[in-house]
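Dear colleague,

Please find below the structure that I am handing over to you. My findings follow directly after it.

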Amino acid sequence: MSRFFAPTIRLLRNAALASLLLGGTAAQAIEQDDLLPVDEAFALSAEATTRDAVEVRFAIADGYYLYRHRTAVEVLEGGLKANPLQLPDGQKHTDEFFGEVETYRDSLVATLTGAAADDTTTLRLRVKYQGCADLGICYPPQAREVTIALPPAPAGDASAALPPVAGLLSGGRISGLLSTSTSGGDTGLTATGSAGLPLPDTEAYRLEAVTDGPDRIVVRFTIAPGYYLYRDKTTFAAQSDRGALVRPGEWPAARTHSDEYFGEQAVYDDEVLVPLDVIRTQAGADTLRLTVGFMGCQENGVCYPPLKRVLTVDLADAPANADAPSAEGATSATTSPGASRAADGIGLFAALAFALFGGLILNLMPCVLPILSLKALGLAGSGESQAKARSHALWYTAGVVLSFAALGGLALALREAGLALGWGFQLQQPAVVGGLALLMFAVGLSLSGVFNLGGGLANVGGALTQKSGPAGDFFTGVLAVVVAAPCTAPFMGAALAYAFAASPIVAIGVFVALGIGLALPFLAIGFVPGLAQRLPKPGAWMDTLKQVLAFPMYLTAVWLVWVLAKQRGADAVGWVLGGAVLLALGLWAWEQARFKSPTMRAFAIVIATLGVAALWPVQQLPSAREAAAAAGTNASANAPSQPAADGSVPYSAEALAALRTEGRVVFVNMTADWCVSCKANERAVLSTDAFTSAREAANAVYMKGDWTDVDPAITAYLQQYGAVGVPFYAVYPASGGEPEILPNLLTTGIVETALAKAAAK
């Protein structure tokens, strides 16, 4: 597939969003007559104005534009020693993938100059270009060959040059051949490689679903000649009155298509039958509403935005089979080959159990410990009363569970909108990271005694460190969930994969189980008198401990500022540090004015608000990827000649495809600077001499993708394998085939075994 996906990918994402707003897919809003053939959109002509100068002209249709940096002319025959192509300045345009570019509308005249040999009578040129339509479709890169006649030798008249060559060709990635004939003074045109106007998507892809027994559906795709369908871009979502679930069965064999942007892809032509297992959670007849999502392209033509069709299937009466082994991995929400692999073997009850244990283990993760220390202090303060301990535990649990449910619901909603975000997505936003840093800093100031969270502020946060206060307990639970996002505990990966592939109700249940697991130790203390009695009694020691606990808060703020520096650089750090100073001044002033005039309290609020307002410019700063694009570099190019200090090369789909074509073992590490589990794995395993030795023994390439910021290419890769976030590790064998997906928490033995197996295949 051509690299035209790079400028198109944002349009496909926007098309998915638009489909939600307008009640239909964007592709359905684009009729056949809306899109011109490429050679009507960009009518090409060429003329030799002198023997040493050729003008290449484009008449650009209204609503279309050409990229300046994608326009080039190459001399194939004719003996012209050409100079660089002369292009006029274009209109400035910020492109999400190309960065700062220039575009042309209405017309373009490019001049190629050089010295032609005396005996040269004709020139054969190859003209390369790429353009887009404003309605949301970009054409693939185009190449046209043009043969033009030169004026006679210097003694002749330059006015004898042929008129401009112009003609209509249908678009296509196969280069068209444009030639001229001078007989009779007419210009004859021939064209090859024409793909023709794309069909409406309903004609290019016909879908139907039929039952094959009470527990099986077969979806048939009928694909028009000259079109193909991506296997791993095909998803199924089911809804029914009786809660029936579906799971893709064994996919038919597909042909391999080398896609320049997505890498090696499995595609289907003509017709494909996809079996779906139906899991009946309740007995009785049912009506299944099956939503099929898919994406396909025209051979040598355009690609459609993501499409959706809704099929209705009547299911015969059948007993429930939700607890049967065949139900494992079933889902009533969107599933794909990658997603079903990630949740393979996981049923509902297993997912809930994994979520519960994963949440419990989160209590031991370093990102959560600073907040739990606050809760421990509060429970110690309530040791004299079992009722107080229960109240603390219940309010804390409410904060944890509701926050987990809200965070999971937001992630699910954004994925449904086509953003394909996963666990920890909020930390990809610099303003969120900066806001958390300020919050941790403020909590530390409170523990250090700079100000007290109480009195007039009780309703907006509660006394986090006081021995009473439901709002404080609830808010501590919220804070625990927020800082737990960068961590992935054992069992969480499978549970989250199931949640992101399940129906919304089931998914929220998994997130609630995660919250209960995180809150379980404090629930046990609150409801088991023997445990509560073992807590130390309140005393003067609590003031000292409270001050000591301020320092983990400060360290957490430092870590978040470090993450922010990775995301947006030194300018972002400066803004947040300045905001921290203003926030500290405002909180100190509030404490000083607690029993004084309202004017002083208002002044304190204004100063603190100005500190928080520093987050706005932080969010507006360009990311490292955007800065690289603006500088004209390509951060996702093929593997660079010099690996990084840890021996890794940056991830890109093109580089991965090239390495697999070479038969290399590839170890892919998808990571993020805000991911504590990622950094722990890298420090304990992936930066060791043992990993380097295992990699060299397997002749493996270490490829690393950085998901610290939103990156559509890495998001697409994670979605391909049903991953819900980072860390994600895959080992590709030398012989090709599917990679081995490693667990979220690595050991040296796991990595060494996987690399050895990949090299032996």
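In this predicted model, the torsion about the S-S bond between cysteine 675 and cysteine 678 is about 80 degrees, so the disulfide is right-handed. The sulfur atoms of cysteine 675 and cysteine 678 are 2.2 Å apart, and a pair of cysteine sulfur atoms counts as a disulfide when it lies within 2.5 Å. The count for the structure comes to 1 disulfide.

Helix α6, residues 348-362, packs against helix α12, residues 504-527, at an angle of about 35 degrees, and their axes are 6 Å apart. The crossing of α6 and α12 is right-handed. On the α6 side, the residues that make the contact include Leu348, Ala351, Leu352, Ala355, Gly358 and Gly359. On the α12 side, Val506, Gly509, Val510, Ala513, Gly517 and Pro521 are among them. Sorted by class, the contact of α6 with α12 comprises 15 nonpolar and 4 polar residues, with no charged residues.

Finally, I would draw your attention to one residue of another helix. Alanine 480 is part of helix α10, which spans residues 470-484. The relative accessibility of alanine 480 is 0%, and therefore alanine 480 counts as buried. Valine 368 is 112 residues away from alanine 480 along the chain, yet the C-alpha atoms of the two residues are separated by 6.1 Å.

With kind regards

Conventions: Residues numbered from 1 in each chain as written. Predicted model: local features only at pLDDT ≥ 70, side-chain atom pairs only at ≥ 80, totals over all residues. Heavy atoms only, no water. Axes fitted to C-alpha atoms, helices over the stretch in contact; angles between N-to-C directions. Helix = DSSP H or I, 4+ residues; strand = E, 2+ residues; numbered from the N terminus. Left-handed = near helix turned anticlockwise from the far one by under 90°. Contact = heavy atoms within 4.5 Å. Nonpolar A, V, L, I, M, F, W, Y, C, P; charged D, E, K, R; others polar. Buried < 20%, exposed > 50% of the residue type's maximum accessible area, 1.4 Å probe, protein only.
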